[in-house]
Amino acid sequence: MSYISIVHYLGLLLSLVGGVMAVPAVFGLVQHDAAGGALTAAAEITIICGGLAYFFTRKGRRPVTQREALVIVVAAWFAVSAFGALPYYFSGALPTYLDSVFETMSGFTTTGATVMTHIGDQPDSILLWRSLTQWLGGMGIIMLFVALFPLLGIGAAQMAEAEMTGEKGERLTSRITSTAKALWLIYFGFTLLCFGALLWAGLPLFDSVNISLTTLPSGGFAPVDLSIEEYASVPVQLIVNFFMFIAGVNFALFYYVFMKGRPGKLFRNPEFKLYAALLAATSIVLALDLTFHNIYPIGDALRQGAFQATTIMTSTGYSSANFDEWPHLSRALLLILMVIGGSAGSTAGGLKVIRSLILFKYTYRRIILAYNPNAVIPIKVGGIVLPEKTISRTVGMTVAFFAAMWGGFLTMSALGLNFETALSSVATCLGNVGPGLAGVGPYENFAWIPGLGKIVLIVMMLAGRLELFTLLILLTPAFWRRY
């Protein structure tokens, strides 16, 4: 294990994050807001620490191995969260460093769970940094790192794949750096389109910037207290709904649509079709349930049901209404969508739609084998027979996901949280969604959670973002043995 190489690349990554932190710092100084100096100090500390780590390890570094790549990925997320918390702590936006780390991890993992109260009263520079953490984390800080710095050598592929969500599919280009650049270009393009559409809808400039920066990464940090509901604008709601749907689609499919001119690749994709069908079906059921209980007339019920289904399934976490007061069936459906999540290769969290499809087909095969044990039943997705190792990984990932969820649920229950709050707080953080139910609902926040509970949820957010295996591998003694 080359710790020099690990520190070297972490230093370069921290320097990059510090450079991005300088953007809201300069904005704050120009605007003369209260947090400009705090952001400047935080950016300087981050750049200096990163630069020193990079400079003093430049001679001893070498191309990283797969084991070192895994360590770098996990360490990178902890490091950027530790330094990214400094603006909140230095400015007094959050009272403790633990709260600051919670907010930052929630930002970088695009979870959207917040411990910040009176969001609209915070300095604009802090709100901009808060939004930028989500935008950086949406496509992946390692993917950005790989796109900007092709000097990583053979370790680039291992690091990028360790951070990618969902089952690994075909590589878009022959070089991982080219793939990273293509995905980031598409991501940037959609962000600009969202920004322009929000401006056209009449949203103020600053709000349009922040909402676009937190919609495409399916993050959900809004610069106001009541999320999208505060704007009371149907056009804004519809625009955000559309781009949340986009964020939940595998971005590799957009590569084929826009860069290869093959739209059929998108519309024939089985995961995309199931993703769209689940959203449509859930939206209709929610609308019927809301109408039946006289919460909204049918038109408003369809709009609100579609928005909340999309924001929860894509793990964005915006709210257009207090869905915690909705009927039991609606709340149960939203809890299920938290677990399912969006598509693999999207910015959405959760277990992923493709895994749900594979698990359904796997279960069907086990049913057939129960009365016909000699049958040979390959599992196909989109006409392609899946390797058994992919099926095994899917089953293992699902077991690990629910084991983590139930372990976290028991821990939060032991800390005194009621059933709904304990379960939904873990589900929403592990699924990188944001708001949950009851004590952590859309009108509440996570500030009141005990310190140990916040630490548990921080780990859950990272485990969900890295999809558990990358994090769990580092906990196995065999990983650290010398070979």
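Does Phe409 count as buried or exposed, and at what relative accessibility? The legend to view A gives the answer; the model shown is predicted.

View A. Phe409 counts as buried, with 9% relative accessibility, whereas Trp406 is partly exposed at a relative accessible area of 42%.

**View B. Tyr187 and Phe251 link distant parts of the chain.** Among the 25 aromatic pairs found in the whole structure, this one is edge-to-face, at 6.2 Å centre to centre and 70° between the planes. Tyr187 is in helix 9 (residues 176-200) and Phe251 in helix 12 (residues 251-258), 64 residues apart. Tyr187 and Phe251 are buried. They are part of one aromatic cluster that also contains Trp135, Trp184, Phe188, Phe190, Phe254 and Phe258.

**View C. Two arginines lie over phenylalanine rings.** Arg130 lies over the face of Phe221, at 3.8 Å from the ring centre. Arg67 is placed over the face of Phe479, at 5.8 Å from the ring centre.

**View D. A nonpolar patch on the surface includes Ile45.** Ile45, Tyr89, Phe90 and Tyr97 make up the patch, and together they have about 360 Å² of accessible area. Ile45 is in helix 2 (residues 36-55). With a relative accessible area of 33%, Ile45 is partly exposed.

Note on methods:
Residues are numbered from 1 along each chain as its sequence is written. This is a predicted model: local features need pLDDT of at least 70, side-chain atom pairs count only at pLDDT 80 or more; totals for chains, interfaces and linings use all residues. Side-chain values use heavy atoms; hydrogens and water are left out. Patches are made of residues with over 30% relative accessible area and no salt bridge: like charges are joined within 9 Å, nonpolar side chains (Val, Leu, Ile, Met, Phe, Trp, Tyr) within 5 Å. Accessible areas come from the Shrake-Rupley method with a 1.4 Å probe; for residues, only the protein chains shown count as cover. A salt bridge is a side-chain nitrogen of Lys or Arg within 4 Å of a carboxyl oxygen of Asp or Glu. Helices (H or I, at least four residues) and strands (E, at least two) are DSSP runs, numbered from the N terminus. Buried means under 20% relative accessible area, exposed over 50%, partly exposed in between (1.4 Å probe, protein chains only). Rings of Phe, Tyr and Trp (its six-membered ring) pair if their centres lie within 6.5 Å; planes under 30 degrees apart count as stacked, over 60 as edge-to-face and the rest as tilted. A charge sits over a ring if NZ of Lys or CZ of Arg is within 6 Å of the ring centre and within 35 degrees of the ring normal.
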